[in-house]
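Dear colleague,

Please find the structure below, handed over for your records. My notes on its contents follow directly after it.

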Amino acid sequence: SFTATTDGRVRELVVRGNTLYVAGSFTRLSGATRGNLGAVNATTGAVDPNLNLPMTDPHAEGTTPFVYTIDVSPDGKKLVAIGNFTKIGGIERWQAGMIDLSTTPAMVANWETDRFRSVCSSSFFTYMRDVDFSPDGSYFAIVTTGAFFGGASSGTLCDTASRWESAATGENLNPTWTDYSGGDTLSSVAVTGTAVYVGGHQRWLNNPFAGDAPGPGAVSRQGIAALDPVNGVPFSWNPGRARGVGVFAMYSTPAGLWVGSDTDVLGGETHRKLGMFPTAGGTTVPPNQRYGLPADLFNAPLTTCAQTDPNVFHRVNAGGSAVAAVDCGRGWSADASGTDPGAQLRTSGSNAASWSTVPTRLPSVPNTAPNDLFLSERWDPAALPEMEWAFPVAIGTNVQVRLYFANQCSCTND
C-alpha cells in the first residue's frame, strides 16, 4: 500500500510514529514541491502537508544545496538537519538547523549557531557528517570532517564531535563540549545516553592542539571511540578497527552497538563491513552524580594589588569605552573619540564597531584580558591612511606588544 517517489537522491530516512521523514537532494516528493526535506505517511506514502521548509542556498558556492542527514527527537517534536545549505524556509541557518515539528505547520525553531559558518577544506561541499539525538531527546551530537588541521586554535568545528542542547534557544549558540580529532574525519555518531559513540578514520581524540599528529592530551582511538556525554572526554573503551575511509552507520539497540564501515577488522576480529558490540559483558559506566559544596562558598577577589604593575605601559580598548583591569596592570583606556587617551595614540581614518555578545575565547587569550574588550573593535578600511598606533616608550626600553582579535563580523568568518 506504500508508494512514494522523489526526483533526486534520498540520503536519509527516519520514522517517528506513522511519519516517515525523507532527506536528501530532491525538489519533488511524490509530485509535491519539497526542497530536499519532506515527510510522508509511513503506511500509504501520502505527502505530509505540515512539513514544507525548503533547504536552500548552498554553503559551497556554485554547488546544489542538499541535506546530508537528519535525526528526529524520540518524542517526534524536533528535527535536526545538517548539510550543504545556509537557509531553512528562507531563514539563515548555516549547515545545521532545527525544525519544530510540534506546530502546524512545522516551523524553523529558534535555534541558531554560527559555528558552522566557516569553511574547512574546499574539497567538501559540506563538512557535516552525522547527527543523533540522545534517547531522552535532551541533546544531540554532531560529527564532522573538514580539514588537515581543524584544532581548537582554528576557531572552527572541523573534524570534531560536539554536543548541543535541544532546549537551547537564540542566536550564535555554542556546543556544550567539543572533542577534536586533530585533523581526521569523524563520519558517524550514535548516542546511547551512557556514551556518545563516534566512528571515522580518526587516529586520536581529545586532540585539540595538534594537526596530523598527537598533541598534548591526545589518546589513541583508531576508527572508533566512546565519549563521556557530560564532557566529551573519551572513555577507556578502545576496541579499534581498521580505519579505511570511515564508519558509515552506527545503530544502538539494547542488545548492543551495530557498526557498518568499509573495512573488515573490528575489535581485533574479522567482521566484514558489519559488526556488533554486545552490551552483555561490557563495562557499566558509573552514574554522573552532582555534589553540593561541603561548606560555605565565599566570593574572593581575583587578586589584591599593593600598587599598579609598573611593567604595563599602555592598554587601550580599541573602538570601545574604558575597561577596568582584572589584574595589577593598568586599566584599559577608552577609544571612542578624539578626546580619549586611546584615540590620541592612533592616526585618524579608521572605523569602530560594537557587538552584543562575547565570542568563544581561545586558549591563547590570557585571563588578564576582560571579556568586555571583545564587545568592540577598531578596523582599518582599504583607503589610506593606514591605521597606526604610536605608544610613547622611553628610548632603549625592551617592550612586548600584545594584540587581541575577535572574529565577530560575518565579513571575516572565512
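I begin with Lys273, which is partly exposed at a relative accessible area of 42% (buried means under 20% relative accessible area, exposed over 50%, partly exposed in between, with a 1.4 Å probe and protein chains only). Asp264 is likewise partly exposed, its relative accessible area being 24%. These two residues, Asp264 and Lys273, form a salt bridge whose closest N and O atoms are 2.7 Å apart (a side-chain nitrogen of Lys or Arg within 4 Å of a carboxyl oxygen of Asp or Glu).

Please note that this is a predicted model, in which local features need pLDDT of at least 70 and side-chain atom pairs count only at pLDDT 80 or more, while totals for chains, interfaces and linings use all residues. Residues are numbered from 1 along each chain as its sequence is written, and side-chain values use heavy atoms, with hydrogens and water left out.

The structure holds twelve salt bridges. One of them links Asp114 to Arg117, with 2.9 Å between the closest N and O atoms. Asp114 is partly exposed at 26% relative accessibility, whereas Arg117 is buried at 13%. Another joins the side chains of Arg203 and Asp184 at 2.8 Å, N to O. Arg203 lies in the loop between β18 (196-200) and β19 (204-205) and Asp184 in the loop between β16 (177-180) and β17 (186-191), so this pair ties together parts that are 19 residues apart in sequence (strands are DSSP E runs of at least two residues, numbered from the N terminus). Arg203 and Asp184 are both buried.

Turning to the strands, β1, β2 and β5 make up an open sheet of three strands in the order β1-β2-β5, with antiparallel pairing (two strands pair if DSSP finds at least two bridges between them). Its edge strands, β1 (9-16) and β5 (37-41), each pair on one side only. Seven bridges connect β1 with β2 (residues 19-25) in the antiparallel sense. Val14 stands opposite Tyr21 in β2.

Finally, a nonpolar surface patch is formed by Phe313, Phe391, Val393, Val399, Val401, Leu403 and Phe405, with about 710 Å² of accessible area together. Such patches take residues with over 30% relative accessible area and no salt bridge, nonpolar side chains (Val, Leu, Ile, Met, Phe, Trp, Tyr) being joined within 5 Å; areas come from the Shrake-Rupley method with a 1.4 Å probe. Phe313 lies in the loop between β26 (274-278) and β27 (351-354), and Phe313 is partly exposed at 36% relative accessible area.

Yours sincerely

Definitions and conventions
Patch = residues over 30% accessible without salt bridge, like charges linked within 9 Å, V, L, I, M, F, W, Y side chains within 5 Å. Helix = DSSP H or I, 4+ residues; strand = E, 2+ residues; numbered from the N terminus.
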